[in-house]
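Hi,

Here is the structure I said I would pass on. Have a look at it first, and then read my notes below.

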Amino acid sequence: MSTTTGPTLAELTGTYTLDVAHSQIGFVARHAMVTKVRGAFNEFEGSGYLDGGDISKSHVKVTIQAASIDTRNEQRDGHLRSNDFLDMEKYPTITFDSTSVKQLDGDTFQVTGDLTIKDVTKPVTIDFEYQGAATDPFGNHRIGFEGSVAINRKDWNVTWNAALETGGVLVSDKITLEFEISAIKNA
């Protein structure tokens with residue numbers, strides 16, 4: 001019986017481009033204090049460099065089109081695009097630019113970077129789990145990562161809310177950002 005192992009980190013070294021068709025950047029917010037609303041951004045691009053020999057030299061940059069927000073409800077999406085929330089006419093993009101990358105263990109990486117929403121830039125740290133590497137049927141070398149981080153939307157001046165008659169508010173301050181990433185190694 002033979003066993004196969006995946007490529008080493010050193011073998012994965014290179015520049016990568018996010019495969020938007022096979023990646024998702026989403027979020028979860030509590031609504032009316034009783035349920036969760038999930039959404040995603042449908043338009044984004046990103047690239048990064050993975051240095052398997054020295055992870056600290058790795059980096060990533062992602063740009064999201066705010067207008068691409070999608071919660072499967074046209075009225076809610078319109079409100080989220082307005083100046084009550086993302087104010088996408090004035091601030092059309094959301095960006096993340098890494099400032100450090102660490103390997104916590106074999107499959108867990110910690111990416112810290114500057115998240116800019118509505119022209120406010122704050123540091124965030126996201127733990128990513130390495131999902132593996134593969135060569136697809138078209139000869140593309142792919143890597144996959146999944147991660148999430150909870151942020152307080154008010155830290156980025158996304159402050160609109162409405163009080164509920166029963167107490168509490170309509171939209172939670174805490175938002176969980178979720179990332180399912182497939183990236184293709186550049187030739």
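**What I found**

The protein has 2 helices and 11 strands, where helices (H or I, at least four residues) and strands (E, at least two) are DSSP runs numbered from the N terminus. Along the sequence they come in the order α-β-β-β-β-β-β-α-β-β-β-β-β.

Before the details: this is a predicted model, in which local features need pLDDT of at least 70 and side-chain atom pairs count only at pLDDT 80 or more, while totals for chains, interfaces and linings use all residues. Residues are numbered from 1 along each chain as its sequence is written, and side-chain values use heavy atoms, with hydrogens and water left out.

The C-alpha trace spans about 65 × 35 × 30 Å along its principal axes. Of the 187 residues, 41% count as buried; buried means under 20% relative accessible area, exposed over 50%, and partly exposed in between (1.4 Å probe, protein chains only).

Now for the charges. There are 17 positive and 26 negative side chains, and the centres of the two sets lie 5 Å apart. Here Lys and Arg count as positive and Asp and Glu as negative, with His and the chain ends not counted; each charge is placed at NZ of Lys, CZ of Arg, CG of Asp or CD of Glu.

The whole structure holds 6 salt bridges (a side-chain nitrogen of Lys or Arg within 4 Å of a carboxyl oxygen of Asp or Glu).

- Glu178 pairs with Arg38, with the closest N and O atoms 3.4 Å apart. This pair links distant parts of the chain, strand β11 (residues 171-185) and strand β3 (residues 35-41), 140 residues apart.
- Asp97 pairs with Lys61 at 3.8 Å between the closest N and O atoms. Asp97 sits in strand β7 (residues 93-103) and Lys61 in strand β5 (residues 59-65), 36 residues apart.
- Arg142 and Asp136 meet at 2.9 Å, N to O. Arg142 is buried at 17% relative accessibility, and Asp136 is buried at 13%. Asp19, Asp136 and Arg142 are linked in a network of salt bridges.

Finally, a patch of negative charge on the surface gathers Asp105, Asp107, Asp127, Glu129, Glu146 and Glu180. Patches of this kind take residues with over 30% relative accessible area and no salt bridge, joining like charges within 9 Å. Glu129 lies in strand β9 (residues 120-135) and is partly exposed, with a relative accessible area of 36%.

Best wishes

Definitions and conventions
Patch = residues over 30% accessible without salt bridge, like charges linked within 9 Å, V, L, I, M, F, W, Y side chains within 5 Å. Areas by Shrake-Rupley, 256 points an atom, 1.4 Å probe, with all protein chains shown as cover.
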